[in-house]
Amino acid sequence: MEKAIAIFDIGKTNKKFLVFNSEFEILHEESIHVPETVDDDGFSCDNLEVITQWVYDTFNKNYQNDKYQITKLNFATYGASFVYLDENGKPCTPLYNYLKPMPEELLQQFYNTYGGKVEVCRKTASPSLGMLNSGLQLYWLKHTKPDKFKKVKYALHLPQYMSYLFSKKPFTEITSIGCHTFLWNYENDSYHQWVEGEGISIKFPDITRSDHTLPAANYQGLQVGAGLHDSSASLIPYLQGVMEPFALISTGTWSIVLNPFSKDPLTEEMLDKDCLNFLTYKGKTVRASRLFLGHVHDTLSRKIENHFKAGVYQIHQIEPDLDLISSFLNGNYQYDKYAINQEGKLTPDFQFEEYKNLSTAYHHLFFILITLQCKSIKLAIGSSKINKLIISGGFAKSTLYKRLLASLLPSYEIYIAELKESTASGAAMAITSNIDEVAIQKICNLEHVIPFAKAEI
């Protein structure tokens, strides 16, 4: 029976379970969509209890089987989310949503106390994002719900909570700390002073290596990883398998452009445009530019479908309109006025009612989004000598997305990652030593994207 690595890839929309063999081929996969619940303030949030039970049930169902033997288990989840454990190791609050509004007066109090907005953002290499700066969730909890805060023994980012479920050992891990949290001082490679100043550091367990494993508490022979932030995990296969400098466009609810070769200083202007630093699982800096692209696309697509009385997902069947595309590429439509705000809304509002049919409205929405995507790519790349872009995730399946991108960025070679599950694969690689080079090259096979040819349009 072959040995296998199991991965839970917990996204904001879909929760997945995958099993890989030693060559990182998928032996089994399943997924679930968990309906949201509400927190103690009535704001929407993920249902931690249901997710936790699904994780246990799914693993137990697959642990004992006659096809493979799971010897390692790891986790990759979305970031900016804390699970607060009490002295009994049980969650003592809801899984607060990173989109929950941060009270403005509390945010200003924080900045006034710790050196001002610009200085905090600069040192922590992150824009001011409210609750998306997950460290501020602890600050908020302490100052608005002090009774709940007192009950917290450990604050674990979501990947480390998943690891804790099986290891029963609490850890903090660098890819979760270093991702737009306001917790990590990039100048000193340590926690920012406010973490100690607020008495929050005592809520954090010791930092462990991202490739660390330890024995599971109740599963003989099973080694459990510490868990990873999903964006950092998705980068691992390409860092292992792509030889020349590249930027990875990881698409999904968020479109995140990751540049692991940047040496540009992070400026105030970059921070204002939602540019920030991540950390790789080896602790090296990655320049990242984030765009809530998938969220805006899905939200407005549903509205367009409803307006034109189309069936659900009918919008995904739309073929590229070459006349509209030609007009766009020739500069006949200008969309520089649009942006995506911190609440995940397109501003100004997209007036889809002005268009004559579903296809035309959708194409114009896409032109807006692809314009924003190009800006995000250029921001992340900066002065780095990169001419290769790799697209992974949901938009890699969209002909309109990938070929428009190739048409608008002719100086770059654009590739689609044939690796279907880069996040889960990365989480598996992180806890695998002596990775076979042939296996790496096989799974990192890239498909070149051809721009829309003038002959076509």
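At what angle do helix H9 and helix H15 pack, and how far apart are their axes? In this predicted model, local features need pLDDT of at least 70 and side-chain atom pairs count only at pLDDT 80 or more, while totals for chains, interfaces and linings use all residues. Residues are numbered from 1 along each chain, and side-chain values use heavy atoms, without hydrogens and water.

Helix H9 (residues 230-241) and helix H15 (residues 422-430) pack at about 75 degrees, with axes 7 Å apart. Axes are lines fitted to C-alpha atoms, over the stretch in contact for helices, and angles run from 0 to 180 degrees between N-to-C directions. Helices are DSSP runs (H or I) of at least four residues, and strands (E) of at least two, numbered from the N terminus. H9 and H15 are therefore roughly perpendicular (65 to 115 degrees). Contact (heavy atoms within 4.5 Å) involves residues including Ile 236 and Tyr 238 of H9 and Ala 427 and Met 429 of H15. Nine of the nine residues of H15 are buried (under 20% relative accessible area, 1.4 Å probe, protein chains only).

The structure holds 38 aromatic pairs. Rings of Phe, Tyr and Trp (its six-membered ring) pair if their centres lie within 6.5 Å; planes under 30 degrees apart are stacked, over 60 edge-to-face, the rest tilted. Tyr 191 and Phe 204 are stacked, with centres 5.4 Å apart and planes at 20 degrees. Phe 204 is buried, at 10% relative accessible area. Tyr 335 and Tyr 338 form a tilted pair, 6.0 Å centre to centre with 50 degrees between the planes. Tyr 335 is buried, at 8%.

Note on methods: Parallel < 35°, antiparallel > 145°, perpendicular 65-115°, else oblique. Buried < 20%, exposed > 50% of the residue type's maximum accessible area, 1.4 Å probe, protein only.
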